[in-house]
Amino acid sequence: MGLFKKSQIKFDGKKELESKIKNQTDNVISRRFKILMISVAIMGVILLIRLFMTQINQKDYYTTKLAQYNTSIFTADTFRGNIYDRDYNRLVYNKNINCATYYAVKNISEEEIKVIVNFLINNVSVDTGTVTQRDKKDYLIMKDSTYVKSLLSEAELKQDDDVVYKLQLDRITDDILNEKLSHNDIKYYMLYAKIQNCTNGSVVLLENLSIKEASLIGENSNILRGIKVTNDWSREYTYDNTFKSVLGRVTTKKQGLPASTKDILLAQDYNNDSRVGVSGIEAQYENILAGSAAKYSMTYDSDGNPIIKSVSSGSKGDNIRLTIDWEMQEYLNNLIESFLKSRQGGTYNNHIFVTMMDPNNGEIIAMAGKQRDTKTGEISDYASGNYLSAYAIGSTFKGGTVYMAFKEGLVSKGESFMDDAAGIKIAGTNAKKSYKPLGRVNEVQALAKSSNVYMFHVAIRLGGGKYVRDQPLSVNSEAFDILRKDVGELGLGVKTGIDVPSESLGYRGPVTSRQGGNLLDFAIGQYDTYTPIQMAQYVSTIANGGKRIQPHLFLESFDENDEGQKISLLQHKVKVLDDVSSYTLAFDRVQTGFREGCVTGLAKAMNGYYQAAGKTGTAQVFINNVEYQNRAFVGYAPYNDPQISIACISETQTSSSSSACNSISKQALTKYFDKYGVKNK
């Protein structure tokens with residue numbers, strides 16, 4: 001009994017221990033479970049917070065994206081830089097104008113477009129000057145497509161749309177346009193087409209609004225949705241068309257980018273309707289004159305109305321200062337025009353060009369040209385003809401022949417040839433001679449008195465020919481190349497590098513015409529043709545002793561600060577294209593001959609207190625079996641320290657008329673030195 005009780009006691013103690021262990025285990029598990037649950041809850045909260053924050057961030061992200069997708073960024077041209085002459089006389093500038101600009105309205109109805117257009121044509125002046133005949137045909141198709149379709153057969157109407165459209169354009173004649181399209185129709189459909197085709201961005205509808213017209217548009221904004229009065233600019237020329245062919249042209253917004261350079265300009269962040277320089281200085285220095293475009297954003301309200309905001313204002317282009325002295329330019333213009341008015345016009349005899357240039361740095365001081373319309377007789381500016389038109393220049397070329405003769409070792413200093421009445425006679429041709437017998441002449445006398453015969457003998461030696469009177473004359477074909485290369489070193493027959501987009505090379509006699517007689521003509525300036533700017537570079541190379549310098553119109557770019565002070569940005573650097581100054585004897589002989597020509601020779605009328613050197617020239621030109629003469633002059637002054645060079649050509653004068661270039665050149669040189677004085681006199 002006692003044992004049993006003792007055992008029972010032990011047993012009961014074990015159960016109690018197990019119970020305690022179990023209870024402790026349950027407590028631990030319970031606590032861990034609670035901790036786990038709490039951890040899960042905390043993690044859930046964290047995940048919920050993260051999810052919430054992610055949703056908030058994504059909402060911001062997608063809201064921003066949505067705003068971006070509904071916002072369009074556009075650019076607008078800023079003012080171009082102005083163009084000035086060397087004395088800061090303004091030649092080209094921007095004029096502020098008021099415009100009616102349409103910003104695309106979402107889902108605008110045809111009826112609303114009609115209301116807008118009718119309001120404008122009834123209340124605002126609408127200029128249709130830029131409307132083309134092709135535009136008018138499109139307007140007629142818009143106005144009365146049924147009638148236009150009636151111009152085609154049933155079979156033609158079944159063809160592709162593009163073919164049908166082209167046929168319609170072909171069938172609409174000028175008479176049909178005059179009958180079916182009134183002036184008001186043209187105004188209406190010009191504006192209608194612009195608005196209808198503008199589904200994004202903006203388009204200028206009207207330019208040069210008066211203050212009253214601008215106010216009227218602003219007061220009626222409730223019926224003119226999308227139309228705002230904006231400030232814009234137009235390119236203006238202080239002296240109208242004078243020198244404009246050199247200054248160049250800028251496209252209008254309607255013309256936009258030129259097709260030839262469109263892809264390049266688009267890659268440079270231009271827009272299709274950006275205004276860009278397409279000729280002359282405006283094109284050559286587009287990167288300087290064009291400012292950085294202004295940017296604006298366009299969003300829409302719930303009614304589809306555009307909301308315009310400025311993003312950046314852009315910046316104005318830099319100004320350009322030219323080498324041109326406008327006082328000298330105008331003086332030459334008046335001289336040329338007076339001379340053209342004083343002589344008979346006709347089919348020919350209608351162009352005169354003059355270029356004045358600093359022979360030491362290539363600065364073009366003046367570059368004038370005029371042309372007369374052969375039908376109306378009207379005289380207009382054609383300054384760009386100095387680098388676009390080429391002529392036979394006659395005896396002004398002879399300096400190049402003498403240079404070549406000494407460079408190639410064909411003659412020696414002081415060597416002379418007989419210039420008599422017999423001249424040079426090649427079998428089967430008329431005798432070639434000077435304007436009169438000059439007797440025995442050396443290189444200096446040949447230039448001063450303008451001996452053709454001297455030049456003929458030089459050409460014969462160059463060609464390796466053997467002259468026998470009234471016998472055939474054979475010359476080496478390479479002689480043409482040598483003469484052309486050598487005068488090219490001076491500036492004739494090569495592009496001068498003048499800073500404009502295009503420059504004429506002139507005409508070169510064909511390889512098939514390399515006979516002896518043509519080589520003789522070549523030596524006196526009656527074979528190849530040359531531009532006035534080539535003549536100016538050529539005489540400048542002679543003046544400075546052998547450096548062919550690039551002629552240029554750009555002097556510098558500059559900006560102005562708030563005080564009006566001019567800040568130079570980029571200056572032209574003198575560029576020597578060729579240097580043959582080592583041929584000192586050749587240049588000494590030519591310079592001496594040119595000086596003697598202005599002292600005792602044919603150019604003595606050109607001399608003055610400034611002590612000029614130069615060469616006159618006359619080239620025979622036969623047109624319809626009638627002889628005309630190109631009259632020319634090239635020169636510089638002072639002869640011992642050149643400050644200015646000049647080249648003049650007056651094409652196809654009658655043989656009996658006095659030389660325009662002699663008179664114009666003398667007056668031009670006198671005007672120049674009266675203004676600037678003679679250095680080291």
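1. Arg-372 is found in strand 10, which covers residues 364–372. In this predicted model, Arg-372 is buried yet has no salt bridge, since the nearest side chain of opposite charge, that of Glu-651, is 7.6 Å away; a salt bridge would need a side-chain nitrogen of Lys or Arg within 4 Å of a carboxyl oxygen of Asp or Glu.

2. The side chain of Arg-372 does have polar partners. One of its polar atoms lies 2.6 Å from the backbone oxygen of Leu-340, and a polar contact of 2.8 Å joins the side chain of Arg-372 to the side chain of Asn-350.

3. Helix 16, residues 398–407, has ten of its ten residues buried, so this helix is largely enclosed by the rest of the structure. The buried residues of helix 16 include two lysines, Lys-398 and Lys-407, and also Gly-399, Gly-400, Thr-401, Val-402, Tyr-403, Met-404, Ala-405 and Phe-406. Helix 16 is followed by Gly-409, whose phi is positive, near 70°.

4. Ser-540 lies in helix 21, which runs over residues 532–544. Because its relative accessibility is 3%, Ser-540 counts as buried, and its side chain reaches the backbone oxygen of Ala-536 at 2.8 Å.

5. Val-115 lies in helix 2, residues 110–123. Val-115 and Ile-223 are 108 residues apart in sequence, while the distance between them in space is 7.6 Å, taken from C-alpha to C-alpha.

6. The second largest pocket holds about 730 Å³ of space and is lined by 25 residues, of which Asn-452, Ile-524, Gln-526, Thr-618 and Gln-620 lie nearest its centre. The elements that give two or more residues to this lining are helix 18 (452–462), strand 18 (613–623) and strand 19 (626–637), and the largest share, six residues, comes from strand 18.

7. How do the residues lining the second largest pocket divide into nonpolar, polar and charged? The lining of the second largest pocket has seven nonpolar residues, twelve polar residues and six charged residues.

Definitions and conventions:
Residues are numbered from 1 along each chain as its sequence is written. This is a predicted model: local features need pLDDT of at least 70, side-chain atom pairs count only at pLDDT 80 or more; totals for chains, interfaces and linings use all residues. Side-chain values use heavy atoms; hydrogens and water are left out. On a 1 Å grid over the protein atoms alone, a cavity is a set of points where a 1.4 Å probe fits but cannot get out, and a pocket is an open set with protein on both sides within 12 Å along at least five of seven lines; lining residues have an atom within 4 Å of a point. Grid points are joined across faces, edges and corners, and a volume is the space filled by probe spheres set on the points. Helices (H or I, at least four residues) and strands (E, at least two) are DSSP runs, numbered from the N terminus. Ala, Val, Leu, Ile, Met, Phe, Trp, Tyr, Cys and Pro count as nonpolar, Asp, Glu, Lys and Arg as charged, and the others, Gly among them, as polar. Buried means under 20% relative accessible area, exposed over 50%, partly exposed in between (1.4 Å probe, protein chains only). Lys and Arg count as positive and Asp and Glu as negative; His and the chain ends are not counted. A polar contact is a pair of N or O atoms within 3.5 Å; within protein, one must be able to donate a hydrogen and the other to accept it, and residues adjacent in sequence count only if both atoms are side-chain atoms.
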